[in-house]
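Open the model in your viewer and keep the selection panel at hand.

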Amino acid sequence: MSAGPFSVWLEQVLLAISGQTVSDVPCGDCTACCTSSQFVHIGPDETDTLAHVPPELRFPAPLMPEGHVLLGYDESGRCPLLGENGCSIYAHRPRTCRTYDCRVFAATGLEIIDENQVLIARRVRWWQFSFPKQVDRVTHEAVRAAAKFLEENRGLLQEDLAPRTVTQFAVLAVQIHDLFLESDAETSLLRPVAPTAQSVRSEVIRRRGS
Ligand code: SF4
């Protein structure tokens, strides 16, 4: 299944992750991410969503400041808000759902090994990016390098900044892929570069405002 040119997808997913747009994933009738035993985070600023999620379905998010909550799942791993015809609060769904894009796994090469998420893993294997330009190939290489770096340097970031789930690893790899690129002084073309662990750490801290 076509995931489109890599650099086009990358630009769009970065906007979605930063909250400037919503993910535009051609899900079709796939509801794998709503049926895979995932806790859905809802921030205190998501007042519209909170007004549509019954209080009995949410609970305080561990290790997060007061006001952050999680929406759980039922005994079969389904989100309790998933109805016969899809999400029952679609227009008001949490930011986590609006920005979720399972193509981050195809992009980073990170594998989903959680047995509760086999449907997502299956879906991920269908995605095929295309690489019509040099920028597609080099940005893909940078995203993969960032994912590999994060896996190999798990102790680099302090607890509140460190990714814990494979989804968090994939999203952070996409967010910091630019640290694994530099612009050629003569041609202005992007090319791969290997940053030091310290420089990646400093930049993640700076970007998170810590
Ligand atoms: S809130 Fe809606 S989109 Fe989000 S997991 Fe539940 S059913 Fe899916």
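The tour follows, one selection at a time.

This is a predicted model, where local features need pLDDT of at least 70, side-chain atom pairs count only at pLDDT 80 or more, and totals for chains, interfaces and linings use all residues. Numbering runs from 1 along each chain as its sequence is written, and side-chain values use heavy atoms, without hydrogens and water.

**Stop 1: the ligand.** Select Cys 34, Cys 79, Leu 81, Leu 82, Cys 87, Pro 94 and Cys 97; they surround the ligand (a heavy atom within 4 Å of it). The shell holds seven nonpolar residues, no polar and no charged. Here Ala, Val, Leu, Ile, Met, Phe, Trp, Tyr, Cys and Pro count as nonpolar, Asp, Glu, Lys and Arg as charged, and the others, Gly among them, as polar.

**Stop 2: the core.** Now show Trp 9, Phe 105, Ile 120, Ile 176, Phe 180 and Val 200. Within the largest nonpolar core, of 43 residues, these have the most contacts. A nonpolar core is a set of buried Ala, Val, Leu, Ile, Met, Phe, Trp, Tyr and Cys residues joined through side-chain atoms within 4.5 Å; buried means under 20% relative accessible area (1.4 Å probe, protein chains only).

Center on Ile 176. Leaving out residues up to four places away in sequence, Ile 176 touches Ala 146, Leu 150, Val 200, Val 204 and Arg 207 (heavy atoms within 4.5 Å).

**Stop 3: a second core.** Finish with Val 40, Leu 50, Val 69 and Ile 89. They are among the 10 residues of a second, separate core.

Notes
Buried < 20%, exposed > 50% of the residue type's maximum accessible area, 1.4 Å probe, protein only.
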